[in-house]
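Biologist: I would like to learn how to read helix packing and backbone geometry in a model. Where do we start?

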Amino acid sequence: MAVGKLLLISLAVGLTAYFFYDTETITPGMVRGKKVLVTGSSTGIGEQIAYKFSEIGAHVMLTARRAERLQEVAKRCLQLGASSVHYVVSDMGNLTSAQHVAQEAIDKLGGLDYLVLNHVGGSGSFGYFQGDMKDVLSSITVNYLSYIQLTSTALKALEKSQGSIVIMSSMSGRIGAPFTTNYCAAKFALEGFYSSLRREFSLSKKNVSVTVAVLGYIDTENAVKKVGDKITMTASSKEDCAEEVVKSAVLRRPELFYPYWGIKPFVLFRDLAPTLMGNILDKFYVLENIQ
Ligand SMILES: NC(=O)c1ccc[n+]([C@@H]2O[C@H](COP(=O)([O-])OP(=O)(O)OC[C@H]3O[C@@H](n4cnc5c(N)ncnc54)[C@H](OP(=O)(O)O)[C@@H]3O)[C@@H](O)[C@H]2O)c1
């Protein structure tokens with residue numbers, strides 16, 4: 001009975017929040033001329049986020065490891081209406097390099113309004129944990145420590161501009177998912193760090209927003225290649241995902257769940273019925289294709 005009531009209340013709260021949030025929109029005037037750094041922008045969701053910011057007239061700094069891909073993305077950003085575009089080649093497995101990226105963005109753009117931390121890599125293959133410490137260290141460096149390094153270097157500039165930090169997380173940053181131990185650990189760590197930092201900003205009256213995007217399965221080339229034959233979920237569109245991320249960032253929302261109904265109910269009931277949640281989620285894995 002009590003669980004039934006809780007379910008009803010949660011559903012009512014979820015529906016109200018969903019419909020209220022969806023009525024808000026952004027206009028190009030809110031973004032034109034703003035200075036944006038998007039990491040992991042050579043492909044996938046990061047590339048699409050760079051395009052969305054370009055369409056509304058931002059100054060964009062791109063970064064990833066592949067120079068040729070960044071050149072192509074930069075060209076497209078200009079065609080779409082970016083006020084200016086720069087790129088810097090960098091490997092986030094090296095923290096000095098991460099520091100250089102943030103500094104280069106501030107120097108080239110003349111400040112920073114949006115720090116979009118999106119890159120992902122180095123977490124090994126999708127499979128059972130085999131005790132490989134090299135993968136653990138690589139994932140925690142690329143997917144966690146480099147995010148903190150970039151934030152640390154950009155902090156003063158973001159405080160000055162009363163800017164925004166956007167973190168790309170995952171349902172795997174809220175609910176432990178099998179076959180991605182190293183990735184999951186990094187995403188949980190990000191969620192802890194940035195929810196703590198958001199509260200510090202609030203308590204110290206610093207007007208810097210922190211948006212955590214909690215994403216489900218998105219149809220990027222790399223994600224589909226990695227897990228396409230191993231899970232039975234349907235992937236959501238990377239273009240729509242990027243649009244929602246940019247909207248949430250500009251509206252300075254603390255969280256985005258995308259796709260909302262594919263994630264929010266699991267997150268809500270995680271603590272209420274953990275075994276049931278685990279059993280439901282386990283059904284999505286094709287175990288015979290996973291090593
Ligand atoms: N796609 C999904 O299903 C999904 C689900 C939940 C959360 N997310 C999150 O959404 C974000 C984007 O995911 P995505 O699917 O778009 O990723 P993706 O397509 O694999 O793109 C990853 C980006 O990171 C860059 N990158 C990889 N290793 C790097 C390194 N060592 N140093 C610097 N850059 C590096 C890649 O460029 P280079 O190879 O050129 O370096 C690329 O631009 C990630 O944070 C991911 O965790 C994605």
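Modeller: Start with handedness: a crossing is left-handed if the near helix is turned anticlockwise from the far one by less than a right angle, and right-handed if clockwise. Helices (H or I, at least four residues) and strands (E, at least two) are DSSP runs, numbered from the N terminus. By that rule helix 4 passes helix 5 in a right-handed crossing. This is a predicted model, in which local features need pLDDT of at least 70 and side-chain atom pairs count only at pLDDT 80 or more, while totals for chains, interfaces and linings use all residues. Residues are numbered from 1 along each chain as its sequence is written.

Biologist: What is the mean pLDDT of the protein chain, and which element has the lowest?

Modeller: pLDDT is the predictor's confidence in each residue, from 0 to 100. The protein chain averages 94, and 95% of the residues score at least 70.

Biologist: At what angle do helix 4 and helix 5 pack, and how far apart are their axes?

Modeller: Two packed helices are described by the angle between their axes and the distance between the axes. Axes are lines fitted to C-alpha atoms, for helices over the stretch in contact, and angles run from 0 to 180 degrees between N-to-C directions. Helix 4 (residues 95-109) and helix 5 (residues 133-161) pack at about 30 degrees, with axes 8 Å apart. Angles under 35 degrees count as roughly parallel, over 145 as roughly antiparallel, 65 to 115 as roughly perpendicular and the rest as oblique. Helix 4 and helix 5 are therefore roughly parallel to each other.

Biologist: Which residues of helix 4 and helix 5 meet?

Modeller: Two residues are in contact if their C-beta atoms, placed from the backbone, lie within 7 Å. L95, A98, Q99, V101, A102, Q103 and I106 of helix 4 meet L145, S146, Q149, L150, T153, A154 and A157 of helix 5. For the classes, Ala, Val, Leu, Ile, Met, Phe, Trp, Tyr, Cys and Pro count as nonpolar, Asp, Glu, Lys and Arg as charged, and the others, Gly among them, as polar. This contact has nine nonpolar, five polar and no charged residues.

Biologist: How do helix 5 and helix 6 cross, left-handed or right-handed?

Modeller: The crossing of helix 5 and helix 6 is right-handed. Their axes come within 9 Å and cross at roughly 25 degrees, which makes helix 5 roughly parallel to helix 6. The contact includes Y144 and Y147 of helix 5 and A189 and F193 of helix 6. Its residues divide into eleven nonpolar, three polar and one charged.

Biologist: Which residues come nearest to the ligand?

Modeller: A residue is near a molecule if its C-beta atom, placed from the backbone, lies within 6 Å of it. Of the 29 residues around the ligand, G40, G44, R65, G121 and N222 come nearest. Helix 2 (44-55), strand 5 (164-170) and helix 7 (221-227) each give two or more residues to this shell. Helix 2 gives the largest share, three residues. The shell divides into ten nonpolar, 15 polar and four charged residues.

Biologist: Where is the peptide bond cis, and which residue other than glycine has a positive phi?

Modeller: Most residues other than glycine have a negative phi, and most peptide bonds are trans. The bond from Y258 to P259 is cis, with omega near -5 degrees. P259 lies in the loop between strand 7 (255-258) and helix 9 (260-269). F179 has a positive phi, near 70 degrees, and sits in the loop between strand 5 and helix 6 (181-203).
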